Every structure is written in C-alpha cells, then in structure tokens.
Amino acid sequence: MSAPKQSVLFDAPGPKAKRRILLLNILGVLALLGLLAYLAIGLNSAGQLAPEKWNVFLKGGVWSNFILPGLLKTLQAAAISIVTSLLFGFIFGMGRLSHNKVIDWVSTIIVEFFRAVPVLLMMLFLWIMLARSGWVQPQDSPFYAVVIGLTLYNGSVIAELIRSGVHGLPRGQREAGIAIGLTRGQSLRLIEIPQALTAMLPALISQFIVILKDSALGYIINFNELLFNGKLVGTGNSNMFQSLVIVAAIFIILNFALSKLASVVSSRLSSRGQI
Amino acid sequence: MQGYLSLWDEYGARIMESFWTNLQLTFWAFIACAILGTILAIMRISPIPSLRAFGTAYVNIFRNTPLTIIMTFGVLVLFGVFQLQLSSDFNFNFFQIAIIGLTIYHAAFFCEAIRSGVNTVPLGQAEAARAIGLGFLPAARLVILPQAFRGAIVPMGNVLIALIKNTTVALAGSVAEISGLMKTMIEYRADLGVLIFLTVALMFVVIVVPIGMLVTWLSKKLAVAR
C-alpha cells in the first residue's frame, strides 16, 4: 500500500545517480555481509555453531515432548484470548457508544484503565491471587492468568477500535437504521458495528498478533507455553542460544503470516470501494 | 487501612526506587530507539535496495518477536552464554542489557511510526525539494522528515506509551523493577493483594494517561496545516 507512494520520494535516477546508487548498494551489501560474517565468526569461535548444539532439534523427542506441546499451549491461550477479547471489546465498545451516561462512564473508565496498565502486572496479580483463591486448580492458575490478562488489555483495545470504527461511519447509516424503526441499540448491533468491524478488520488482525506475542509473557508466570518449554530444552541440552532462536523463529513465522493476512485483507477492503 | 499504611512503611522506599528504575529504562530506551528507528526509517525509504532490504528485514523480525524472548535472550544468552559484561556492577549490567533489549524491539515500531509519518507528507513536497535541486539526503533532512515527525506524533506517542508499559517485561531480564517488587509484595501480603495491584497499576495510569492526552494535544498543535 505504502510502497508505490514512497518510491516517489526520489526521482527516477539518471545515469550518474544510477552509478551512485549501484556503488552505494554494493557498499551496503558488503557492509551487511561483513556484519553477518562478524556474527558468524563470533558465534563459531564461541562454539555456538557446532552441529551438536543444533542436532538436538533433529530428534523427534524434543519436538514431541517440548516444542509442539508448548506451541499448542501458546496457540490455545491465544485462540481463547482472541475470542474472549472480541466479546469483551464488543460489550465495552457498545458501552462506550451508549447514550446512557452511567454506562458510558463506567465503560470508559474500565477501557482506559486496562489500556494503561501493563499486561504483565495483571498476569502476575491474577496468577498469585487465583492460585490462592481456590477458584481454579493451582496448576491451572498461570493459564487463566494469561487468558484473563490478555482479554482485559486487548479487549479494551478492541473496544476502542469498535468505538472509533463506528464514529468513522457516515451518519446516514444510523439515521437510516432509526428511520426504518430500529432502536439505537439495534441499529448499533445490526448496522453500525458490522460495518465498523469490517473496516477495522486489518487493525483487528494486528491486535491478534499482539495477543499471540504477549502470550509469551506467560513464561514469566510459569505457564508452560512455547518459550517456557524452549527454555527447558535449552537448559537440558545446554543449547540455550539455539533453543531461543528456534522459539523466536516459530513466533516470527506465525506473526508474519498473520500480518500478511492483515495486509491482504486491507488491500481487499480498499479495493472493494466505499462502504 | 492500617495494614495498607504499614505496607507503605515497609515497602514505600522500594516501590519508589523500583518505579524510578522503570522510568529510567523508558528514558534511555526511548532515546536509543528513536535514533535507531529513524536510521531504519531512512534506510527503508532510501533508493538503495540493500539498505531497504535490511530495514524491512529488521522490522519484520523484531516486530514479530515477543519482547519476552528478547529479554530472556539478554539474560540467558548474552549474559548466560556469552558472558556479556557491560558493567562490573552486576545489577547495572542487567539494567543495560534490558535497555538494549527494549531498544532493539521498540526501534522496529519507531521506524514504522516514522514511515507512517512520511506517508502523510504529500508527494508535491518531495517533488518541490527535487525541483530546487536537493538530493535524497538533503531532501529527507530538510523537507520530508521534519514534516514526517510532525505527522508521526500519535504513532510515536504510542511507541512511548507501549515502551513505558513494556519496561515491566525487564522482570524477565533480571532487573529490579516494579512488577517484580509487586510480585514479592503480593506473595508476602496476599491479604492486601488487590490494593497492592491497584497501587502499582495506578502509578502506570498516572503516567500513561496524561502522556496520551499530551500526545493528542501535541499532534493537533503541531499538525502541518495543509
């Protein structure tokens, strides 16, 4: 979307500029290769490129006992949090659009509070308190803490998205809804929010990336997700560097795929014409 | 209430000290990520393909890596495996490694903030800059970036707010900051758990909400009139 716009920041190069760009490009490539070589030599002399450090990941056991169960937990927590965040965002987004001053105020305070508080604080608090309260099995407390923490934060962000999405719609949408005899709430639910959600879909998918990434905070509260299990592999095989690189690579691939989806959706929507 | 006041007697100084650490992390990491992010943004809009590719790769890699992994990497790999010693002081060493981690992560977001600011600059500006004979770097420095920064106030403010909150993740980097202290306090005084959480949470609200308002105000005040 932004690429063609930016290429015009500089003119179509003439012969002299072409040579200069080529020269700088070669220098750039050399500098990057130098950086890579420097890293590779450093890693090699520290023994981090030794095959036995990486071979661990050729064994099925590491994957079936650690990486895949961890990945499953990460995806589970993220998937549940996405659903609950949408629910939370829908409810409080409606609340913020309500004409009832009390509902509007309560929703505003809740949304602003949870957007301003670090997710990790909520998770730490929920983790300890849930384990002590006896409401959940103590060993399940990290999972609930992660899901609830992610829901409160991301749900609040989604509530804001829904509110700004509805505000971005043409007034005529609501007026038409009311003209055909819908109540304010019905017009919101049936006409405005569906359109706002579609318009906000790319931002919504970006928020899912945040949820997936932040689920790794569960590592700090002993939730046995991907990073937690990756660290176990690293400790057990004394290949911490390699394990964290693999875990990071899995996260990067998943998030990159999601962000590609967001940009595809965004370009589909923008080519769909005005709503 | 009595119990809550006794908590302040016992932990008050440490609460302030820990929160001060979070603010210091924010300060240094924001300066560093602004510099690195701007350099990356210039690379990403430059005519040189290799630099563009590097900027894009950097952003895609670090924007998609959980900050928790970067922080854990700092303490378990940079320190644990490679024995990185930036300072002879044990705690200060972790503090500096945490700043590096926060910088690397947020620079990717800062770069994208600047780039979104660049997108608000009308094409005519770049064309006019070329027409008066400016090359890429002078045009970027004198014409494009000053307007881009002003158009990027809101996304840059969002990076700052995210950074303030993300300093709590330095807990995974063995830094004595507020979320670790909150954990200790709740474990020790579970009867006051809710109050302890609300206290620490409000400290963030008090910092983050005014910054959010300031950003909105600044973005309106500094908006380029077109």
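Modeller: Happy to: I'll look closely at one side chain, then at its surroundings.

First, some ground rules: this is a predicted model, in which local features need pLDDT of at least 70 and side-chain atom pairs count only at pLDDT 80 or more, while totals for chains, interfaces and linings use all residues. Residues are numbered from 1 along each chain as its sequence is written, chains are lettered from A and ligands numbered from 1 in the order in which they are written, and side-chain values use heavy atoms, with hydrogens and water left out.

Our residue is A:Glu160, which sits in helix H7 (residues 141-167) of chain A. Helices here are DSSP runs of H or I with at least four residues, strands are E runs of at least two, and both are numbered from the N terminus. For chain A, an unreviewed UniProt entry lists residues 71-262 as "domain: ABC transmembrane type-1"; UniProt positions follow the numbering used here, feature names are shortened, and annotations may be inferred rather than shown by experiment. Over residues 71-262, chain A is 83% helix and 0% strand, with the end C-alpha atoms 22 Å apart.

A:Glu160 has a relative accessible area of 11% and therefore counts as buried; the term means under 20%, with exposed over 50% and partly exposed in between, using a 1.4 Å probe and protein chains only. Leaving aside residues up to four places away in sequence, A:Glu160 touches A:Arg96, A:Val111, A:Glu112 and A:Arg115, where a contact is heavy atoms within 4.5 Å.

One of these neighbours is a charged partner: the side chains of A:Glu160 and A:Arg96 form a salt bridge at 2.2 Å, N to O. This pair ties together distant parts of the chain, since A:Arg96 belongs to helix H4 (residues 60-97) of chain A, 64 residues from A:Glu160 in helix H7. A:Arg96 is buried, as is A:Glu160. The rule for a salt bridge asks for a side-chain nitrogen of Lys or Arg within 4 Å of a carboxyl oxygen of Asp or Glu, and over all chains the structure has eleven of them.

B:Glu112 and B:Arg44 are both buried. B:Glu112 also meets B:Arg115, at 3.2 Å, N to O, in another salt bridge. B:Arg115 and B:Glu112 are separated by about one helical turn because they are three residues apart in helix H4 of chain B. The relative accessible area is 12% for B:Arg115, which is buried, and 18% for B:Glu112, also buried. Back in chain A, salt bridges with shared partners join A:Arg96, A:Glu112, A:Arg115, A:Glu160 and A:Arg163 into one network.

What about salt bridges between the chains? Even so, 56 residues of chain B are in contact with 51 residues of chain A.
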